[in-house]
Amino acid sequence: MPPPDSDTPLQGDAHGYDRVSHGYAPDGRPLATPPVPLKDIVDEVVDNLSGTAKAEIALLEARSELALHGVSWTAGWGAVAASAAGIAMLALAFGAILVLLPHVGPLLATLIVVGVLLAIAAFAGWRAQVAYGDIRTALRRDLTNEEPDD
């Protein structure tokens, strides 16, 4: 019988350690899992891509609905603002005519107010044309092309 402080197992106890694994089991189950078949990997990738595409389409639909909502409310409030600005311009024109009336007479007061309003309209039209040119430049297909669009 070997001494009790020896590290070598007894002859009869040699198979007792086969059931305990410490990361190395020569006769036990392998440490690495078997490889996943390529068909399963491809199916998983296709499912993930399909889910991603559906999520992207749902996002685009939600963004378009939000944009439509914003455009409709912007157009509505823009119409209210434009109407109010038009009425204010009419009131300003009538007020200017009434102020000038005692000094220059009705015809000349009307002509002065119309001339000033036409000058303002011309300036605003020129600025709108410049802004429209910026939009056309931004939407041009070929930004390096120096020729004007159709």
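The chain exposes about 13400 Å², and carbon and sulfur atoms supply 68% of this area. Accessible areas come from the Shrake-Rupley method with a 1.4 Å probe, and for residues only the protein chains shown count as cover. The model is predicted: local features need pLDDT of at least 70, side-chain atom pairs count only at pLDDT 80 or more, and totals for chains, interfaces and linings use all residues. Residues are numbered from 1 along each chain as its sequence is written, and side-chain values use heavy atoms, without hydrogens and water.

Of the 150 residues in the chain, 3% are buried. Buried means under 20% relative accessible area, exposed over 50%, and partly exposed in between (1.4 Å probe, protein chains only).

The secondary structure consists of two helices and zero strands. Helices (H or I, at least four residues) and strands (E, at least two) are DSSP runs, numbered from the N terminus. Helix 1 has 67 residues, which at 1.5 Å a residue should span 99 Å; its end C-alpha atoms are 94 Å apart, in agreement with that value. The expected span is 1.5 Å times one less than the number of residues. Just after helix 1, glycine 105 has a positive phi of about 100°.

One salt bridge is found in the whole structure. The term stands for a side-chain nitrogen of Lys or Arg within 4 Å of a carboxyl oxygen of Asp or Glu. Lysine 39 bridges to aspartate 43, with the closest N and O atoms 3.3 Å apart. Both residues belong to helix 1 (residues 38–104) and are four residues apart, about one turn of the helix. An α-helix has 3.6 residues a turn, so residues three or four places apart point the same way.

The structure also holds one aromatic pair. Phenylalanine 123 and tryptophan 126 form this tilted pair, at 5.9 Å centre to centre and 45° between the planes. Rings of Phe, Tyr and Trp (its six-membered ring) pair if their centres lie within 6.5 Å; planes under 30 degrees apart count as stacked, over 60 as edge-to-face and the rest as tilted. Both residues are in helix 2 (residues 106–139), three residues apart.

Valine 42 lies in helix 1. The table gives the accessibility of residues named here.

| Residue | Relative accessible area | Class |
|---|---|---|
| Lysine 39 | 59% | exposed |
| Aspartate 43 | 34% | partly exposed |
| Phenylalanine 123 | 52% | exposed |
| Tryptophan 126 | 47% | partly exposed |
| Valine 42 | 43% | partly exposed |
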